[in-house]
Amino acid sequence: MAIKLGPNQYGKAEVRLVTVTRTGDVHHLKDLTVSTALRGDLAKTHLTGDNSDVVATDTQKNTVYAFAKESPVGEIEDFGLRLGRHFVGEFGQITGARVTIDEHGWDRIPVGGRPHDHAFSRSGEEKRTTVVTIENDRAWVVSGLRDLVVLKSTGSEFHGFPRDKYTTLAETDDRILATAVTAQWRYQGSGIDWRTSFAEIRRILLETFATKHSLSLQQTLYAMGEAVLSERGEVAEIRLSMPNKHHFVVDLSPFGLTNDNEVFHAADRPYGLIEGTVLRDDAEDPGPAWL
Ligand SMILES: O=c1[nH]c(=O)c2[nH]c(=O)[nH]c2[nH]1
(Lines give C-alpha, C1' and ligand atoms only; values in the text may rest on other atoms or scores of the structure.)
Protein backbone atom coordinates (compact mmCIF):
# COMPACT_ATOMS: atom_id res chain seq x y z
CA MET A 1 0.00 0.00 0.00
CA ALA A 2 1.30 3.46 -0.89
CA ILE A 3 0.21 6.61 0.84
CA LYS A 4 0.35 9.95 -0.91
CA LEU A 5 -0.62 13.58 -0.52
CA GLY A 6 -3.94 14.46 -2.12
CA PRO A 7 -5.39 17.85 -3.13
CA ASN A 8 -4.46 20.62 -0.72
CA GLN A 9 -4.59 24.37 -0.33
CA TYR A 10 -3.76 26.76 2.47
CA GLY A 11 -4.22 30.40 3.33
CA LYS A 12 -5.52 32.95 5.80
CA ALA A 13 -9.19 32.63 6.60
CA GLU A 14 -11.52 35.50 7.43
CA VAL A 15 -9.28 38.55 7.34
CA ARG A 16 -11.51 41.34 8.61
CA LEU A 17 -10.86 44.41 6.48
CA VAL A 18 -12.60 47.75 6.89
CA THR A 19 -11.63 50.71 4.75
CA VAL A 20 -12.66 54.35 5.02
CA THR A 21 -12.33 56.56 1.97
CA ARG A 22 -13.17 60.23 1.97
CA THR A 23 -14.85 62.62 -0.42
CA GLY A 24 -14.35 65.88 1.44
CA ASP A 25 -16.17 65.38 4.74
CA VAL A 26 -18.19 62.43 3.46
CA HIS A 27 -16.80 59.04 4.45
CA HIS A 28 -17.37 55.80 2.53
CA LEU A 29 -17.08 52.40 4.24
CA LYS A 30 -16.14 48.99 2.89
CA ASP A 31 -16.43 46.12 5.33
CA LEU A 32 -15.10 42.81 4.06
CA THR A 33 -14.16 39.38 5.31
CA VAL A 34 -11.44 38.06 2.98
CA SER A 35 -10.07 34.52 2.86
CA THR A 36 -7.15 33.55 0.65
CA ALA A 37 -6.09 30.01 -0.25
CA LEU A 38 -3.09 29.11 -2.38
CA ARG A 39 -2.53 25.95 -4.43
CA GLY A 40 0.50 24.56 -6.20
CA ASP A 41 3.30 22.11 -5.62
CA LEU A 42 3.37 22.19 -1.84
CA ALA A 43 4.48 18.61 -1.31
CA LYS A 44 7.75 19.58 0.42
CA THR A 45 6.18 21.24 3.44
CA HIS A 46 3.66 18.43 3.87
CA LEU A 47 6.16 15.61 3.48
CA THR A 48 9.32 16.99 5.07
CA GLY A 49 8.48 20.31 6.70
CA ASP A 50 10.65 22.20 4.19
CA ASN A 51 8.86 25.56 4.03
CA SER A 52 10.87 27.10 1.19
CA ASP A 53 7.76 27.18 -1.03
CA VAL A 54 5.30 28.32 1.62
CA VAL A 55 4.05 31.89 1.22
CA ALA A 56 3.16 32.37 4.87
CA THR A 57 -0.49 32.89 5.66
CA ASP A 58 0.65 35.93 7.61
CA THR A 59 2.09 37.36 4.38
CA GLN A 60 -1.21 36.63 2.65
CA LYS A 61 -3.06 38.59 5.34
CA ASN A 62 -0.64 41.51 5.08
CA THR A 63 -1.09 41.54 1.31
CA VAL A 64 -4.85 41.97 1.74
CA TYR A 65 -4.34 45.06 3.92
CA ALA A 66 -1.58 46.53 1.73
CA PHE A 67 -3.63 46.09 -1.45
CA ALA A 68 -6.55 47.86 0.23
CA LYS A 69 -4.28 50.87 0.78
CA GLU A 70 -2.46 50.84 -2.56
CA SER A 71 -5.58 51.21 -4.70
CA PRO A 72 -9.30 51.48 -3.98
CA VAL A 73 -10.87 48.14 -3.07
CA GLY A 74 -13.72 48.70 -5.54
CA GLU A 75 -16.06 45.81 -6.27
CA ILE A 76 -15.26 42.62 -4.37
CA GLU A 77 -14.85 40.67 -7.62
CA ASP A 78 -12.14 43.08 -8.81
CA PHE A 79 -10.38 42.99 -5.43
CA GLY A 80 -10.44 39.18 -5.43
CA LEU A 81 -9.06 39.03 -8.98
CA ARG A 82 -6.26 41.46 -8.09
CA LEU A 83 -5.23 39.48 -5.03
CA GLY A 84 -5.47 36.08 -6.69
CA ARG A 85 -3.51 37.15 -9.76
CA HIS A 86 -0.84 38.69 -7.53
CA PHE A 87 -0.18 35.46 -5.63
CA VAL A 88 -0.09 33.34 -8.79
CA GLY A 89 2.04 35.90 -10.66
CA GLU A 90 4.51 36.57 -7.86
CA PHE A 91 5.41 33.06 -6.72
CA GLY A 92 6.39 30.41 -9.27
CA GLN A 93 5.39 27.46 -7.11
CA ILE A 94 1.89 28.90 -6.59
CA THR A 95 -0.19 27.94 -9.62
CA GLY A 96 -3.65 28.61 -8.25
CA ALA A 97 -5.46 30.83 -5.80
CA ARG A 98 -8.91 31.01 -4.31
CA VAL A 99 -10.05 34.32 -2.84
CA THR A 100 -13.36 34.32 -0.97
CA ILE A 101 -14.88 37.63 0.06
CA ASP A 102 -18.02 38.49 2.01
CA GLU A 103 -19.16 42.12 2.01
CA HIS A 104 -21.12 43.42 4.98
CA GLY A 105 -23.42 46.36 4.28
CA TRP A 106 -23.65 49.61 6.21
CA ASP A 107 -26.35 52.28 5.81
CA ARG A 108 -25.89 55.91 6.68
CA ILE A 109 -27.76 56.92 9.84
CA PRO A 110 -30.41 59.49 8.93
CA VAL A 111 -30.08 62.55 11.15
CA GLY A 112 -32.87 65.09 10.82
CA GLY A 113 -33.90 63.32 7.60
CA ARG A 114 -30.37 63.57 6.08
CA PRO A 115 -27.91 60.70 5.70
CA HIS A 116 -25.01 61.33 8.07
CA ASP A 117 -21.51 61.87 6.63
CA HIS A 118 -19.67 59.41 8.85
CA ALA A 119 -22.14 57.50 11.07
CA PHE A 120 -23.55 54.18 9.93
CA SER A 121 -25.81 51.32 11.03
CA ARG A 122 -25.32 47.73 9.92
CA SER A 123 -27.69 46.87 7.06
CA GLY A 124 -28.55 43.50 8.55
CA GLU A 125 -27.40 39.93 8.22
CA GLU A 126 -27.37 39.78 4.41
CA LYS A 127 -23.97 39.54 2.76
CA ARG A 128 -22.78 39.96 -0.79
CA THR A 129 -20.26 37.25 -1.63
CA THR A 130 -17.70 36.28 -4.22
CA VAL A 131 -15.33 33.38 -4.77
CA VAL A 132 -12.56 34.06 -7.30
CA THR A 133 -10.54 31.09 -8.51
CA ILE A 134 -7.31 31.59 -10.43
CA GLU A 135 -5.53 28.75 -12.18
CA ASN A 136 -2.39 29.84 -14.03
CA ASP A 137 -3.64 32.63 -16.30
CA ARG A 138 -7.34 31.78 -16.15
CA ALA A 139 -9.95 33.10 -13.75
CA TRP A 140 -13.44 32.07 -12.67
CA VAL A 141 -15.83 34.21 -10.65
CA VAL A 142 -18.76 32.89 -8.60
CA SER A 143 -20.65 35.67 -6.85
CA GLY A 144 -23.73 35.63 -4.74
CA LEU A 145 -25.53 36.58 -1.58
CA ARG A 146 -26.24 34.93 1.75
CA ASP A 147 -28.91 35.30 4.42
CA LEU A 148 -31.40 37.25 2.33
CA VAL A 149 -34.41 36.57 4.55
CA VAL A 150 -37.78 36.79 2.80
CA LEU A 151 -41.36 35.89 3.67
CA LYS A 152 -44.69 35.94 1.87
CA SER A 153 -47.84 35.65 3.93
CA THR A 154 -49.96 34.08 1.19
CA GLY A 155 -49.51 32.88 -2.39
CA SER A 156 -48.02 29.56 -1.26
CA GLU A 157 -49.55 26.08 -1.22
CA PHE A 158 -48.22 22.59 -0.51
CA HIS A 159 -50.28 19.51 -1.29
CA GLY A 160 -50.32 16.35 -3.38
CA PHE A 161 -47.36 14.77 -1.60
CA PRO A 162 -47.41 11.02 -0.84
CA ARG A 163 -48.85 9.86 2.46
CA ASP A 164 -47.62 6.86 4.40
CA LYS A 165 -48.04 5.77 8.00
CA TYR A 166 -45.52 8.42 9.14
CA THR A 167 -47.18 11.33 7.34
CA THR A 168 -48.98 13.80 9.55
CA LEU A 169 -48.49 17.06 7.58
CA ALA A 170 -51.82 18.58 6.53
CA GLU A 171 -52.24 19.66 2.94
CA THR A 172 -52.58 23.41 2.58
CA ASP A 173 -53.62 25.84 -0.12
CA ASP A 174 -52.57 28.88 1.88
CA ARG A 175 -49.48 29.11 4.06
CA ILE A 176 -46.62 31.41 4.95
CA LEU A 177 -43.53 30.81 2.80
CA ALA A 178 -40.30 32.05 4.35
CA THR A 179 -36.66 31.37 3.66
CA ALA A 180 -33.14 32.76 3.93
CA VAL A 181 -31.76 32.71 0.40
CA THR A 182 -28.20 31.69 -0.30
CA ALA A 183 -27.45 32.15 -4.00
CA GLN A 184 -24.20 31.64 -5.87
CA TRP A 185 -24.01 32.37 -9.56
CA ARG A 186 -21.14 31.56 -11.89
CA TYR A 187 -20.18 34.21 -14.40
CA GLN A 188 -19.12 33.64 -17.96
CA GLY A 189 -17.79 36.08 -20.56
CA SER A 190 -15.84 39.27 -19.96
CA GLY A 191 -16.34 42.98 -19.31
CA ILE A 192 -18.92 42.34 -16.60
CA ASP A 193 -20.22 45.30 -14.59
CA TRP A 194 -20.13 43.51 -11.23
CA ARG A 195 -22.10 46.09 -9.29
CA THR A 196 -24.99 46.34 -11.76
CA SER A 197 -25.08 42.60 -12.26
CA PHE A 198 -25.34 42.00 -8.52
CA ALA A 199 -28.09 44.58 -8.06
CA GLU A 200 -30.12 43.21 -10.98
CA ILE A 201 -29.79 39.57 -9.91
CA ARG A 202 -30.83 40.44 -6.36
CA ARG A 203 -33.84 42.35 -7.75
CA ILE A 204 -34.85 39.42 -9.97
CA LEU A 205 -34.56 36.92 -7.10
CA LEU A 206 -36.73 39.08 -4.86
CA GLU A 207 -39.34 39.92 -7.49
CA THR A 208 -39.69 36.29 -8.51
CA PHE A 209 -40.04 35.14 -4.90
CA ALA A 210 -42.74 37.75 -4.39
CA THR A 211 -44.74 37.20 -7.55
CA LYS A 212 -44.46 33.49 -8.34
CA HIS A 213 -47.46 31.64 -6.93
CA SER A 214 -45.80 28.77 -5.11
CA LEU A 215 -46.88 25.12 -5.09
CA SER A 216 -43.60 24.14 -3.39
CA LEU A 217 -40.40 25.85 -2.33
CA GLN A 218 -38.71 23.66 -4.96
CA GLN A 219 -40.87 25.27 -7.67
CA THR A 220 -40.07 28.73 -6.31
CA LEU A 221 -36.34 27.94 -6.28
CA TYR A 222 -36.39 26.86 -9.91
CA ALA A 223 -38.43 29.90 -10.96
CA MET A 224 -35.97 32.23 -9.24
CA GLY A 225 -32.99 30.60 -10.95
CA GLU A 226 -34.73 30.47 -14.31
CA ALA A 227 -35.60 34.18 -14.13
CA VAL A 228 -31.97 35.10 -13.40
CA LEU A 229 -30.68 33.02 -16.32
CA SER A 230 -33.27 34.32 -18.77
CA GLU A 231 -32.56 37.99 -17.94
CA ARG A 232 -28.81 37.92 -17.27
CA GLY A 233 -26.69 36.56 -20.10
CA GLU A 234 -23.50 36.88 -18.05
CA VAL A 235 -24.68 34.12 -15.68
CA ALA A 236 -23.89 30.53 -16.71
CA GLU A 237 -25.31 28.77 -13.69
CA ILE A 238 -26.92 29.58 -10.37
CA ARG A 239 -27.02 27.49 -7.21
CA LEU A 240 -29.65 28.18 -4.60
CA SER A 241 -29.96 26.93 -1.04
CA MET A 242 -33.21 27.82 0.69
CA PRO A 243 -34.20 26.62 4.15
CA ASN A 244 -37.96 26.33 4.57
CA LYS A 245 -38.50 28.50 7.63
CA HIS A 246 -41.70 26.85 8.78
CA HIS A 247 -44.51 28.97 10.23
CA PHE A 248 -47.08 26.72 11.90
CA VAL A 249 -50.65 27.84 12.47
CA VAL A 250 -51.20 27.75 16.24
CA ASP A 251 -54.15 25.66 17.42
CA LEU A 252 -56.22 28.16 19.39
CA SER A 253 -59.29 25.88 19.71
CA PRO A 254 -58.49 25.02 23.39
CA PHE A 255 -59.25 28.69 24.06
CA GLY A 256 -62.44 28.65 22.01
CA LEU A 257 -60.73 30.79 19.33
CA THR A 258 -60.48 30.33 15.59
CA ASN A 259 -57.21 30.88 13.68
CA ASP A 260 -57.66 31.76 10.04
CA ASN A 261 -53.94 32.04 9.18
CA GLU A 262 -53.51 34.87 11.65
CA VAL A 263 -51.37 33.54 14.51
CA PHE A 264 -48.26 31.46 13.77
CA HIS A 265 -45.43 29.78 15.60
CA ALA A 266 -42.18 30.62 13.77
CA ALA A 267 -40.21 27.41 14.25
CA ASP A 268 -36.44 27.61 14.48
CA ARG A 269 -35.50 23.99 13.76
CA PRO A 270 -35.68 21.53 12.23
CA TYR A 271 -36.23 23.13 8.84
CA GLY A 272 -36.64 21.73 5.36
CA LEU A 273 -33.57 22.49 3.26
CA ILE A 274 -34.28 22.91 -0.43
CA GLU A 275 -31.24 23.15 -2.70
CA GLY A 276 -30.86 23.17 -6.45
CA THR A 277 -28.88 24.31 -9.46
CA VAL A 278 -30.31 25.98 -12.56
CA LEU A 279 -28.00 26.21 -15.56
CA ARG A 280 -27.77 26.76 -19.29
CA ASP A 281 -27.22 23.64 -21.35
CA ASP A 282 -24.55 25.52 -23.34
CA ALA A 283 -22.77 27.02 -20.32
CA GLU A 284 -19.01 27.49 -20.41
CA ASP A 285 -17.01 24.78 -18.63
CA PRO A 286 -16.98 25.49 -14.87
CA GLY A 287 -13.32 24.46 -14.55
CA PRO A 288 -12.32 24.65 -10.87
CA ALA A 289 -14.92 27.33 -10.08
CA TRP A 290 -16.80 25.18 -7.57
CA LEU A 291 -13.89 23.04 -6.36
O1 LIG B 1 -42.32 23.53 -0.21
C2 LIG B 1 -42.17 22.49 0.45
N3 LIG B 1 -41.40 21.48 -0.04
C4 LIG B 1 -41.21 20.31 0.62
O5 LIG B 1 -40.49 19.39 0.15
C6 LIG B 1 -41.85 20.18 1.88
N7 LIG B 1 -41.87 19.19 2.82
C8 LIG B 1 -42.62 19.62 3.85
O9 LIG B 1 -42.83 18.97 4.92
N10 LIG B 1 -43.09 20.89 3.59
C11 LIG B 1 -42.63 21.24 2.38
N12 LIG B 1 -42.77 22.39 1.65
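At 56% relative accessibility, Arg114 counts as exposed. Here, buried means under 20% relative accessible area, exposed means over 50%, and partly exposed lies in between, with a 1.4 Å probe and protein chains only. Its salt-bridge partner is Asp117, and the closest N and O atoms of the two are 3.9 Å apart. Asp117 is partly exposed, with a relative accessible area of 24%.

Before going on, a word about the model. This is a predicted model, in which local features need pLDDT of at least 70, side-chain atom pairs count only at pLDDT 80 or more, and totals for chains, interfaces and linings use all residues. Residues are numbered from 1 along each chain as its sequence is written, and side-chain values use heavy atoms, with hydrogens and water left out. The predictor's confidence in each residue, from 0 to 100, is called pLDDT. The protein averages a pLDDT of 98, and 100% of the residues score at least 70. The model also scores ipTM 0.99 and pTM 0.97.

**Salt bridges**

A salt bridge is a side-chain nitrogen of Lys or Arg within 4 Å of a carboxyl oxygen of Asp or Glu. By this rule the count comes to 20 salt bridges.

| Pair | Closest N and O atoms |
|---|---|
| Asp117 and Arg114 | 3.9 Å |
| Arg203 and Glu200 | 2.7 Å |

Arg203 is partly exposed at 28% relative accessibility, and Glu200 is partly exposed at 24%. Salt bridges can also join up, and Glu75, Glu77, Arg128 and Arg195 are linked in a network of them.

**Around the ligand**

Which residues surround the ligand? They are Phe158, Leu169, Arg175, Ser216, Leu217, Gln218 and Asn244, where a residue is near a molecule or strand if one of its heavy atoms lies within 4 Å of it. This shell divides into three nonpolar, three polar and one charged residue. In this scheme Ala, Val, Leu, Ile, Met, Phe, Trp, Tyr, Cys and Pro count as nonpolar, Asp, Glu, Lys and Arg as charged, and the others, Gly among them, as polar.

Let us look at individual atoms. A polar side-chain atom of Arg175 lies 2.8 Å from an oxygen atom of the ligand. From Leu217, a backbone N or O atom lies 2.7 Å from an oxygen atom of the ligand. Asn244 has a side-chain N or O atom 3.3 Å from a nitrogen atom of the ligand. Taken alone, the ligand exposes 290 Å², and the protein buries 72% of that. Accessible areas come from the Shrake-Rupley method with a 1.4 Å probe; for residues, only the protein chains shown count as cover.

Notes:
Polar contact = N/O pair within 3.5 Å; in protein donor to acceptor, adjacent residues only side chain to side chain.
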